[in-house]
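Please read the following points alongside the sequence and the model.

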Amino acid sequence: MKNEILKVGDLYHIGIAVQDSEKTAKLYTETMGLRIEHDEVVMDQGVRAIMLVPQKSKSAAIELLEPVIPESPITKYIEKKGEGMHHICYLVDDIKIGISHLKNMGIEMIDNEPRVGLNNTLVAFAHPKSMNSVLIELAQKIT
Ligand code: ZN
C-alpha cells in the first residue's frame, strides 16, 4: 500500500500547561478578551481543561491544561519544563485513518488507538520525538 500523506484540517487548539487554569483563564479573558467556550475535567488524563476562543473570530482556541492529580502527565510536564506551550492540535475527518497514515509514514504514536478527548472529540497524540520535539494531537469531532 502506498504511504499517503495525512492532510489535516484546521488548527483546532494550542494546549498550554498551567498550574492554575482558572487564574490563567481570568488573565486571558480580562486582557485579551478571550471567551471561555468549554470547561471540563477529563479524569482519564487527570486534567481540568478550559478552552478559550477569541470573541471576534473563529480562529483556533487555546486549551489551558491544569493537573488535578499528581499522576497527571501535565504534573510531570510542568515539573520538567515549567508552564507553557504543551501541544498543538489539528482536526482530522477520521481519527483512525489519521493514526494509520502517520504510522505508515514512520511516526511513533503515543496513542495507537483513538481515545476520548474533551468537548466531544476522539483524539490521538503523536510522539514529540517523531515530530521535531512538538507534541502533536489529532482530533476528530463527534456529535
Ligand atoms: Zn489538546
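1. The zinc ion is coordinated by H13 (NE2), E63 (OE), H87 (NE2) and E137 (OE), at 2.0 to 2.4 Å, where donors are N, O and S atoms within 2.8 Å of the metal (3.2 Å for Na, K and Ca) and, water not being among the atoms, sites may look incomplete. This is a predicted model, in which local features need pLDDT of at least 70 and side-chain atom pairs count only at pLDDT 80 or more, while totals for chains, interfaces and linings use all residues. Residues are numbered from 1 along each chain as its sequence is written, and side-chain values use heavy atoms, with hydrogens and water left out.

2. Along the sequence, the donor residues follow the spacing H-x49-E-x23-H-x49-E. Distant parts of the chain are linked by H13 in strand β1 (residues 11-17) and E137 in strand β8 (residues 136-141), which lie 124 residues apart; strands (E, at least two residues) and helices (H or I, at least four) are DSSP runs, numbered from the N terminus. Both H13 and E137 are buried, that is, under 20% relative accessible area with a 1.4 Å probe and protein chains only.

3. The sheet is open and mixed in its pairing, with eight strands in the order β2-β3-β4-β1-β5-β8-β7-β6; two strands pair if DSSP finds at least two bridges between them. At the edges stand β2 (34-42) and β6 (115-116), each with a single partner strand, so one side of each has no neighbour in the sheet. Eight bridges join β2 to strand β3 (residues 47-54) in the antiparallel sense, and V41 has R48 in β3 as its bridge partner.

4. Five of the six residues of β8 are buried, so this strand is largely enclosed by the rest of the structure. Strand β5 (residues 84-91) pairs with β8 in the parallel sense over four bridges, Y90 having L138 as its bridge partner in β8. By contrast, β7 and β8 run antiparallel and are joined by six bridges, with T121 standing opposite K141 in β8.

5. Which residues of α3 are buried? They are I95, G98, I99, H101 and L102. Seen down the axis of α3, these buried residues fall within an arc of 165°, so they line one face of the helix; the arc is that of the directions from the helix axis to the C-beta atoms. The buried residues of α3 pack against β7 and β8, contact meaning heavy atoms within 4.5 Å.

Notes: Buried < 20%, exposed > 50% of the residue type's maximum accessible area, 1.4 Å probe, protein only.
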